[in-house]
Amino acid sequence: MSRAQPHYFGAGPALLPAQVLKQAAIDLLNYKDSGLGLGEISHRSAFAVSVVDSAKATIKELLSVPETYEVFFLQGGGTGEFSAVVYNLLASFALKTGKKGKADYLITGSWSQKAAEEAIRLGVDVNMAVDARKWSSNGKSYGTIPDPSTWTLGNAEETAYVYYCDNETVSGVEFPYIPEVPEGVELVADMSSNILSREFDVTKFGLVFAGAQKNIGMAGVTVCIIKKELLARPKDDDLLALGIPLAPLVLDFPTIVKNNSLYNTLPIFNLHIVNLTTQLLYDNGGLKVQEVLSDAKAKKIYEALDSAPKGVYNCIVDKACRSRMNIVFAIPGEGNEKAFLDGAKARGLTGLQGHRSVGGIRVSNYNAVSVESVDLLVDWINMFASNA
């Protein structure tokens with residue numbers, strides 16, 4: 001029931017706090033002396049309902065979620081949400097206006113790009129209000145968030161929602177602010193890789209979602225926070241008449257909320273990991289403390305990269321929008337990235353390989369990554385640079 005503390009920087013599934021895993025291991029074998037493990041207990045049982053209710057309550061407390069919002073849990077990860085957003089936000093807009101709405105997408109990395117592509121596939125009239133690729137030297141890569149003055153947001157009377165990814169795990173781009181959208185238009189955010197790493201004003205959003213496996217839990221659970229008024233719906237026939245597809249029930253937000261996230265078999269053990277992780281975060285001082293810690297860890301890494309001799313490391317993201325969670329860089333020169341990764345592995349530093357689509361190096365600095373791990377990595381960054 002123990003292990004050496006790993007110095008793991010993988011992008012997801014990601015590192016979890018050791019004390020969470022120890023408690024979860026016990027609970028997987030015998031939950032609260034029931035004689036059954038939590039993975040064996042019915043999702044309709046009182047035990048399961050208590051896990052759902054506890055996780056909801058802790059997330060509400062951490063984020064100061066007002067009573068006008070609902071917290072619930074889904075399956076399908078961020079990719080499932082790409083579709084769920086379309087079904088549910090268009091339906092709520094139709095109730096308000098009697099029209100099939102359009103959608104604005106802010107494209108700042110591969111995940112917002114994939115979300116837009118899914119919306120188009122499902123028949124949404126998508127306006128790419130921002131396409132950061134157009135601001136790169138090759139017209140293909142990401143690494144910046146264009147100034148809001150350059151955005152081409154659609155007509156507020158026709159736009160159901162504005163969608164963005166708050167932190168792009170592949171390209172290492174993170175919004176340092178909450179985008180401003182026209183009054184009456186709902187803001188939707190994918191916060192899968194930076195949820196609960198800093199405070200934010202929930203009331204700025206119509207919907208926030210986050211796959212748990214990057215920063216607060218295990219794969220299999222998606223956390224959703226939605227404005228309650230967006231759960232109201234027209235009749236199915238009215239939606240179909242407008243050309244709006246009906247959501248599969250497993251992605252239909254009103255159905256999931258009405259059944260306390262237990263319409264179908266939610267992976268309760270996976271949610272238990274989220275519950276334990278969020279409770280630990282709360283006990284450690286909440287998001288004020290975590291935000292300071294996240295910022296400090298990221299600052300150490302960026303300072304090491306920036307202070308290296310010129311040409312050793314290539315930090316390709318604009319400083320104004322560098323991610324605190326996913327720090328990406330390249331090491332020019334044949335064989336240098338492999339040498340860096342091999343040397344890191346020899347020192348017990350793992351999970352640093354960049355995403356397969358872009359290569360390079362990626363340091364995922366999630367909540368569970370310790371200061372000790374960051375310090376060891378910074379030492380290696382400095383050592384590698386001095387020998388380059």
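1. In this predicted model, a salt bridge joins the side chains of Arg198 and Asp166, with an N to O distance of 3.0 Å. Because Arg198 sits in the loop between β8 (186-190) and β9 (207-211) while Asp166 belongs to the loop between β5 and β6, the pair ties together parts of the chain that are 32 residues apart in sequence. Both partners, Arg198 and Asp166, are buried.

2. Arg198 also meets the side chain of Glu174 in a salt bridge, here at 3.8 Å, N to O. Glu174 lies in strand β7 and Arg198 in the loop between β8 and β9, so this pair connects parts that are 24 residues apart in sequence. Arg198 has a relative accessibility of 16% and therefore counts as buried, and Glu174, at 3%, counts as buried as well.

3. Which residues are linked with Arg198 in a network of salt bridges? The network consists of Asp166, Glu174, Arg198, Asp295 and Arg324.

4. The protein chain is divided into domain 1, residues 28-282, and domain 2, residues 286-387, and the C-alpha centres of the two domains lie 28 Å apart. In the contact between them, 25 residues of domain 1 touch 23 residues of domain 2. Domain 1 and domain 2 bury about 2000 Å² between them, with 49% of that area on carbon and sulfur atoms.

5. How many salt bridges does the rule find across the interface of domain 1 and domain 2? There are 2 salt bridges across this interface, and, among the salt bridges of the model, Glu199 and Lys288 pair through their side chains at 3.6 Å, N to O. The rule also finds 13 residue pairs in polar contact across the interface of domain 1 and domain 2, both residues being at pLDDT 80 or more. On the side of domain 1 that touches domain 2, the elements giving two or more residues are α2 (46-63), β6 (167-168), β7 (173-174) and α7 (268-283). By class, that side of domain 1 has 10 nonpolar, 10 polar and 5 charged residues.

6. The structure as a whole holds 15 salt bridges, one of which is formed by the side chains of Lys102 and Glu158 at 3.2 Å, N to O. This pair links distant parts of the chain, since Lys102 is in strand β3 (residues 102-107) and Glu158 in the loop between β4 (126-131) and β5 (159-165), 56 residues apart. Lys102 is partly exposed, with a relative accessible area of 33%, and Glu158, at 33% relative accessibility, likewise counts as partly exposed.

Terms used
Residues are numbered from 1 along each chain as its sequence is written. This is a predicted model: local features need pLDDT of at least 70, side-chain atom pairs count only at pLDDT 80 or more; totals for chains, interfaces and linings use all residues. Side-chain values use heavy atoms; hydrogens and water are left out. Domain bounds come from an automatic or database domain assignment. Contact means heavy atoms within 4.5 Å. Buried area is the accessible area (1.4 Å probe) that two parts lose on being put together, summed over both. A salt bridge is a side-chain nitrogen of Lys or Arg within 4 Å of a carboxyl oxygen of Asp or Glu. A polar contact is a pair of N or O atoms within 3.5 Å; within protein, one must be able to donate a hydrogen and the other to accept it, and residues adjacent in sequence count only if both atoms are side-chain atoms. Helices (H or I, at least four residues) and strands (E, at least two) are DSSP runs, numbered from the N terminus. Ala, Val, Leu, Ile, Met, Phe, Trp, Tyr, Cys and Pro count as nonpolar, Asp, Glu, Lys and Arg as charged, and the others, Gly among them, as polar. Buried means under 20% relative accessible area, exposed over 50%, partly exposed in between (1.4 Å probe, protein chains only).
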